[in-house]
Amino acid sequence: MAEQQTALRVDDEGFVIDTEDCEEREAAHRERGTSRPITVVGNPVLHKECEDVTEFGEELARLVDDMFASQRTAEGVGLAANQIGVDLKVFVYDCPDDEGVRHTGVVCNPVLDELAPELRVLDDSNEGCLSVPTAYASLARPDYASVRGQDVQGNPIRVRGTGYFARCLQHETDHLYGYLYIDRLSKRERKDALKQMAEGTPRYPVVAND
Ligand SMILES: [Zn+2]
């Protein structure tokens with residue numbers, strides 16, 4: 001226990017540098033953690049705002065380890081705590097940006113920054129979610145995002161990303177406020193995504209809905 005957790009360095013604009021030692025950091029979490037099954041659409045924990053993190057201790061550190069382990073098992077690029085059934089505002093990510101650079105980290109109590117209109121360029125790439133297994137749909141989202149929140153020790157942090165990683169930051173923050181990406185689709189597209197899910201078989205353990 002009591003492993004030395006050093007805070008990530010920040011760049012000259014105050015954003016966390018989350019591109020260094022990704023493999024080592026992700027592996028350390030994952031190897032300490034236990035993989036847990038993923039909750040799916042319809043589970044109440046996914047459809048309400050999660051509680052704020054207020055205790056930055058060992059329990060939170062263990063949760064984050066389990067989240068990295070679960071994310072790896074499910075081959076995800078991001079995972080919110082409610083996706084393993086925990087009602088707390090935490091997400092982890094291990095995600096490439098649009099230049100193929102890997103970003104790895106944790107954000108507690110994330111809040112998306114409002115984008116200046118001139119920065120708001122929409123990208124309508126495909127999106128999927130471990131909690132809507134085997135379904136994909138195109139969804140327009142800004143191709144740049146920044147969030148503010150806290151690290152596992154409670155220090156304030158800011159994280160920013162472009163491309164696929166920007167999509168991930170928005171998608172995971174949405175989760176913690178009770179929204180799935182399918183909630184942002186048209187009625188018809190949502191129905192189609194749920195049909196894809198009904199017809200597919202997840203490649204990782206999921207929590208059955210009652
Ligand atoms: Zn998701």
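Predicted model: local features only at pLDDT ≥ 70, side-chain atom pairs only at ≥ 80, totals over all residues.
1. In which sense do β4 and β9 pair, and over how many bridges? The pairing is antiparallel, over three bridges.

2. Now the whole sheet. It is open and has five strands, in the order β2-β3-β4-β9-β10, with antiparallel pairing. β2 and β10 each have a single partner strand, so they stand at the edges and one side of each has no neighbour in the sheet. From one strand to the next, the twist averages 30°.

3. Look next at β3 and β4. These strands run antiparallel and are joined by seven bridges. C95 stands opposite H103 in β4. Together β3 and β4 make a hairpin, with five residues between them. In the turn, G100 has a positive phi of about 80°.

4. What lies in the largest nonpolar core? This core has 48 residues. V64, M67, A81, V90, F91 and V92 have the most contacts inside it. Several elements give two or more residues to the core: α2 (58–73), β2 (78–80), β3 (90–96), β4 (102–112), β9 (144–150), β10 (156–162) and α3 (163–176).

5. A81 deserves a separate check. Which residues does A81 contact, leaving aside neighbours within four places in sequence? They are C50, L63, M67, V86, L88 and V90. Among these, M67 and V90 are also listed with A81 for the most contacts inside the core.

6. Last, the helix pair α1 and α2. Two packed helices are described by the angle between their axes and the distance between the axes. Here the axes of α1 (residues 22–32) and α2 come within 7 Å and cross at roughly 100°. The two helices are therefore roughly perpendicular to each other.

7. Which residues make that contact? From α1 come E26, H29, R30 and R32. They meet V64, D65, F68, A69 and R72 in α2. By class, the contact has three nonpolar, one polar and five charged residues.

How values were computed. Residues numbered from 1 in each chain as written. Core = buried A, V, L, I, M, F, W, Y, C linked by C-beta atoms within 7 Å. Buried ≥ 20, exposed ≤ 12 C-beta atoms within 10 Å, placed from the backbone. Helix = DSSP H or I, 4+ residues; strand = E, 2+ residues; numbered from the N terminus. Contact = placed C-beta atoms within 7 Å. Axes fitted to C-alpha atoms, helices over the stretch in contact; angles between N-to-C directions. Parallel < 35°, antiparallel > 145°, perpendicular 65-115°, else oblique. Nonpolar A, V, L, I, M, F, W, Y, C, P; charged D, E, K, R; others polar. Pairing = 2+ DSSP bridges.
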